[in-house]
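Reader: I've just opened this one up and I'm new to it. Could you walk me through it with a few questions and answers?

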Amino acid sequence: MIDDLPNLFLAWSIQFTGVVSPGPGVALILGIATAQGRGAALRCCLGIGLGGLLLAALTVFGLAALLAEWRGAMIAARWIGAAYLA
């Protein structure tokens, strides 16, 4: 176990960096907040959160692999998400 600690610390540091760094969702929310105000940004946050929750649920049920393999399902999911946000 002691021999694996450097590798574990490396993996944990990479994971930590990914968790704390802002992604494109944060940039989208900031752009909407500056252009359209707090209400629109909160609705965007809700949409991003619900999308993440949906993808997490799909992953748990093994359907993320289906979305990755079947192009039509992912395109449909994107259109449904875009319609919801609109």
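This is a predicted model: local features need pLDDT of at least 70, side-chain atom pairs count only at pLDDT 80 or more; totals for chains, interfaces and linings use all residues.

Reader: Okay, which residues make up the largest nonpolar core?

Author: To belong, a residue has to be buried, and that means under 20% relative accessible area. The largest core made this way has five residues. They are Ile29, Ile32, Ala40, Ala41 and Cys44.

Reader: And which helix supplies the largest share of this core?

Author: Two helices, α2 (24-36) and α3, each bring at least two residues to this core. The largest share is three residues, and it comes from α3.

Reader: Let's go to helix α1. How far apart are its end C-alpha atoms?

Author: Helix α1 covers residues 5-20, which is 16 residues. At 1.5 Å a residue, it should span 22 Å. The model agrees with that, because the end C-alpha atoms of α1 are 22 Å apart.

Reader: How many of the residues in α1 are buried?

Author: You'd be looking for residues under 20% relative accessible area. Helix α1 is hardly covered, and among its 16 residues the count of buried ones is zero.

Reader: Which kind of aromatic pair do phenylalanine 9 and tryptophan 12 form?

Author: The count of aromatic pairs comes to one. In this pair, phenylalanine 9 and tryptophan 12 sit 5.6 Å apart, centre to centre, with 70 degrees between the planes. Planes over 60 degrees apart count as edge-to-face, so the pair of phenylalanine 9 and tryptophan 12 is edge-to-face.

Reader: Where do those two sit, and how many residues apart are phenylalanine 9 and tryptophan 12?

Author: An α-helix has 3.6 residues a turn, so residues three or four places apart point the same way. Phenylalanine 9 and tryptophan 12 both lie in helix α1, and their spacing is about one turn of the helix: three residues.

Reader: What about the surface: which helix gives the most to the nonpolar patch?

Author: The patch is formed by Leu46, Leu50, Leu53, Tyr84 and Leu85, and together they have about 520 Å² of accessible area. Two elements give two or more residues to it, α3 (38-60) and α5 (71-85). With three residues, the one that gives the most is α3.

Reader: Is leucine 58 buried or exposed?

Author: Leucine 58 has its place in helix α3. Its relative accessibility is 17%, and the cut-off for buried is under 20%. Therefore leucine 58 counts as buried.

Reader: Now the end of α5. What is the relative accessible area of alanine 83?

Author: Alanine 83 is found in helix α5. Exposed means over 50% relative accessible area. Alanine 83 is exposed because its value is 55%.

Reader: And what is the relative accessible area of tyrosine 84?

Author: Tyrosine 84 is also in helix α5, and is one of the residues in the nonpolar patch. Tyrosine 84 counts as partly exposed, with a relative accessible area of 48%.

Key
Residues are numbered from 1 along each chain as its sequence is written. Side-chain values use heavy atoms; hydrogens and water are left out. Helices (H or I, at least four residues) and strands (E, at least two) are DSSP runs, numbered from the N terminus. The expected span of a helix is 1.5 Å times one less than its number of residues. Buried means under 20% relative accessible area, exposed over 50%, partly exposed in between (1.4 Å probe, protein chains only). Patches are made of residues with over 30% relative accessible area and no salt bridge: like charges are joined within 9 Å, nonpolar side chains (Val, Leu, Ile, Met, Phe, Trp, Tyr) within 5 Å. Accessible areas come from the Shrake-Rupley method with a 1.4 Å probe; for residues, only the protein chains shown count as cover. A salt bridge is a side-chain nitrogen of Lys or Arg within 4 Å of a carboxyl oxygen of Asp or Glu. A nonpolar core is a set of buried Ala, Val, Leu, Ile, Met, Phe, Trp, Tyr and Cys residues joined through side-chain atoms within 4.5 Å. Rings of Phe, Tyr and Trp (its six-membered ring) pair if their centres lie within 6.5 Å; planes under 30 degrees apart count as stacked, over 60 as edge-to-face and the rest as tilted.
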